[in-house]
Structure formats: C-alpha cells, structure tokens
Amino acid sequence: MNDKARELGFELGMDFEVSDEIEIGGEVYSVRLSEEDGEKVVVLRDVGSSFYKTLIELFPDSIIVHDGQKILFANRRAAEVTGIPLEKLIGMPVLDFIHPEYVDFAIERMRKMLRERRAVPPAIEKFVLPDGREVYVEVSASHVVFKNKPAILLIIRDVTEKLEIERRYKEFFENTLDMIIVTDIEGNFFEVNREFERISGYRREEVIGKNFREFFSEDETDYIFKMYNKAFKERRPLYGLEFRFKTKYGVEKLVEGNVRPLIEDGKVTGFIANFKDVTERKRLEEELMRTNKLLKTINTINEVIVRVKSLDELLTTLIKEVSSYCRFAWIALIDEKGKRIVKSCGIDKFDEKLLEGKCVAEAIKDKRTVIKLIGEHPENCVNISEHRNLNVYVFPLTHLNRVLGVLVLYSDFKFSEEEVRLLQTLVDDVAFAIDAIRLEKAREESLRQIEKNIEQFAILVDKIRNPLAVITGYADLFGNMEKDKILEQVRKIEEIIEQLEVGWLESEDVRRLLRGFRDYEEDIAGGR
C-alpha cells in the first residue's frame, strides 16, 4: 500500500470487497483492477465525492441505504418526507416504514437482492409515515456495497397522487357513458371500457388483440378505415363520425363520436375513440320527421275530404298521398257481406282473393287494425312474395259499426304508436267521408226519382181530367136520374183529383226545398 491507501484506513491483511465504486469515510472512489509482474493491483481514484454527495442531497426522490435491518444512510429528501431528523433516521428499523400488507413482499425482495447481489425490478409498495399517513411509493432497489458491507440502495418516489389520478382516470374510463376504444396503428383493439362491453355484447377478452375489420361490414370497414387514415395523416382529432355495426347478438346499432390519434415522439402509435349509442335518438328523430310528414299528408287528405264529392277522386288522392309516406298502399271498398270488392285503388288489378288474406280477413272480421311486421307473415298469405320483407298495416274502414272496406299500407320501417294512432284517425275520417259521399249520392238519386214522380204525377192528373170531360158530356145523353148519378161520380173523382193536386204542390215544395239545400251546400263547398 502507498501512503494514500494508509490514510484511507487500509491495513495489511484487511479483506474488502472489490466493485466498480467503493465508499470510504463518506467519500466515493472508483476502482480499477490491473496486474503488474504477476501481482494484482487495485487502484482507487477519487471521483469527486462532493459532487455525488451534493447530487444525492438534492435528488428529488428519497434515497435510503439499509442492510436489511436498519437504515445506514438517508438523504435530506428522505428526512423531509418522513418528518424525522436525519440523525434520528439513521439506525431506525427499515421495516417500521413498510405497511403490514407489504412486509412479506419487501422482505422477499431484500433476501433476493442480498442473495443474488443484483437489482430487482421497480415495484409499488405502501409505506406508513410516522404521522400515520399511508402513501404509495415506487421503490427502485439495488444491491450495493456500503462501507465494505453488502447493503441495499432504495430510491423511493411518492406516487400516491399519481396512482389517485390513474384511479380516477380508470374510474372515468370504466364508468363513462361513452364507449371508449383504444387501438394500435393497425386497428387492433388494445383496450375497451365497460360501456363498450355493455353495448356491443362482447367481453373485453373477446376483442383485445383482434382487428376492427372482424366486427364490421365491408362498407362500414371502408368508411372507418378512411376516417382513421385521415386522422393519421392530418395528425388531428376527427369529430362527428357516424357508422353502424351489429352487436354480438345481431342487433344493429348506430354510433356517433370522435377519434384522436395517439402521438409519441412525433409518431402516431395508435388511436383512442369515444362513441355514443345514438340508435334510440336517431330513431326518435326519424319518427318525428315521419310524423311531421304524416301530419302534412293527413292535412292534404282532409282538405280533399271537405272539398270533393267524388268517391274516385277521394280514393285516388288518398292512395297518392299515403304512398308518398310509405312504400306503397291500396284501398278496397267492399259490399255489406264483405265478400266482394265494389271499388278499389292502388293496385292495377284487384283479385277477390285479397279479401281472403289472413291479415285483411282478420281486420274485416274483428273490425280492428292488424299489424304484421317483417318475419311475422304467414306463408299462405296472399301475395307474400311481394311483401315478405315489408311491414304490413291493415286498417278497416269502419263507420257506424259497419266495415266499408280496408286501407293497407306497406313499409320498410316500423310505424311508431303515434303514427299508427294518426293513421287510425285518418282512416276513421275517410270512412266517414266515404259514407257521406254514398249518402249524398243516394239523396241525389232520391231527388231525381222524386222529380220524376212529380212530373209523372202531373201528367197522370191531366190524363184523368180529359176522360172526365168526355164522361160529363156523355151524361147529357141519359135521363135526369142517370145523369145525376153519373155527374155525382164525376164530382167525387174531381175531389180526388183536387186532393192529388194539393199533394203535387206539397211534393213540389219538397223538391224546391231539397234543391235549395243542395245548391246551398254547393255554394258553401265552392266558397261562395
């Protein structure tokens, strides 16, 4: 040994462990091992212990060295965190700071480091501070030599706040009402939240690692890829994405949301997206639009009901307007027995078999609306090939508890309860109008018959008077007694004729009254 070695406290025959660095009296030296003339030479070089000491003291994390039992060294930060003066902290049992739940875990790590003389991976542990606070710390531990003895170096970082933030983020991630999906750059699922599982029906383990293409139709896949590729190229979030997909159970869902690229070191490494299930909202919006359209259709038809007197015009307008609302429609008026079609509109050629269809026959018989949705049609239904993939609504045209006919609508969407209610009200109004038109027609026919009868009546009276004049003149040829008898009978006949004339005048008054009502109604309908 040279004099410097003796100054450092080395003596002949002393054993010490050689490593890359060694601490002597609080000073740190680097160690270089060489061989000269067959002898091993150890050279110690001061590497600036004051620099390392300052670095350790100013280090933002707590640094502790212990031998598995007691604390041998601690920096200023460790004293600040524990609230114990540095001189009292040295020598305290290290296990006093470890939460009981983590004692076994910590002891096993200590044994492993002392046994294998190497570092262990960083780990999260729970510490108990002297004031009773429990904190989570990230502990980086390594085997070292401290004052020529094996020891353990701990670098301790308080991660309580970080873990709390992570906990809150995870809670938000799992409990948000949005579906959150994280994918890598290739579109493989990396993470999904609980809402995704609830809406899609897929468990997390069923999708993680799989590509999004496995869960969407070809058209939707192309659209999603296009949008994600745009976010990738432009390196910015995209908003307002909307697409459809089928759940695990085959239910079609419409979702709307945003996608944001994940960027690390200037490179896009994946995507995070959040989507809302807007299926119900869109359904309600579509229903509202259809309802508004239906109200306009009903208003147009009601204007026709008030204005027209022609049954053909009413039925034609009805089918034209209703067919613009759904896929197509037809109407058929039936006789009193419900076995024969007396008038129809909407189909080029009507067959009486239409009345034998299960839906139509049921509606006529029970006098109620019959609805058959897609998949509910009986195979023996009339013309099922034409409406198998459509929803069918059969409305009986009922007035005064009598079925006048049926209005049948076909659509590729399901009517809401409000739409069915509005259509039922429309059908009731149409049935009333049809009955009113029929009554008006019957009244006009009756009026024409009355006019014809009155005219015939006047002719018959005139025809009776002519023979009476002949009979009166012929009576002069007889004697007084026979003549008086003949004239007496002529007077009786004339009295009857006078009574008939009074009846004729009263019938004429009725005819003028009926004509007056008709002219008045025509003036009202024409706005005069």
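Below is a short chat about the sheets, helices, salt bridges and cavities of a predicted model.

Reader: Before we start, what are the ground rules for this model, and which pLDDT do local features need?
Author: The model is predicted, and local features need pLDDT of at least 70, side-chain atom pairs count only at pLDDT 80 or more, while totals for chains, interfaces and linings use all residues. Residues are numbered from 1 along each chain as its sequence is written, and side-chain values use heavy atoms, with hydrogens and water left out.

Reader: OK, sheets. What's the strand order in the one with β9?
Author: The order is β10-β9-β13-β12-β11, an open sheet of five strands with antiparallel pairing. Strands here are DSSP runs of E with at least two residues, helices are runs of H or I with at least four, and both are numbered from the N terminus. Two strands pair if DSSP finds at least two bridges between them.

Reader: Which strands stand at the edges?
Author: β10 (189-192) and β11 do; each has a single partner strand, so one side of each is left without a neighbour in the sheet. The twist averages 30° from one strand to the next. Angles run from 0 to 180 degrees between N-to-C directions, with axes fitted to C-alpha atoms, for helices over the stretch in contact.

Reader: How many bridges between β12 and β13?
Author: Ten, linking β12 (residues 252-264) to β13 (residues 267-277) in the antiparallel sense. V259 sits opposite A273 in β13.

Reader: And which strands does helix α6 lie across?
Author: Helix α6 (residues 160-175) lies across β9, β10 and β13, at about 90° to β10. Helix α10 (residues 279-307) also packs on the sheet, touching β11, β12 and β13, and its direction makes about 130° with that of β12. Contact means heavy atoms within 4.5 Å.

Reader: Switching topic: how many cavities turn up?
Author: Three of 30 Å³ or more, from a search of the whole structure. A cavity is a set of points, on a 1 Å grid over the protein atoms alone, where a 1.4 Å probe fits but cannot get out; lining residues have an atom within 4 Å of a point. Grid points are joined across faces, edges and corners, and the volume is the space filled by probe spheres set on the points.

Reader: Which residues are closest to the centre of the largest one?
Author: I181, F189, F212, F216 and F243, out of 18 lining residues. At least two lining residues come from each of β9 (179-184), α7 (194-200), α9 (218-234) and β11 (238-246).

Reader: Last one: how many salt bridges?
Author: The count is 35, taking a side-chain nitrogen of Lys or Arg within 4 Å of a carboxyl oxygen of Asp or Glu. One of them joins R109 and E125, with the closest N and O atoms 3.5 Å apart. That pair links distant parts of the chain, with R109 in helix α5 (residues 103-116) and E125 in strand β6 (residues 120-128), 16 residues apart.

Notes:
1 Å grid on protein atoms, 1.4 Å probe; cavity = no way out; pocket = protein on both sides within 12 Å on 5 of 7 lines; lining within 4 Å.
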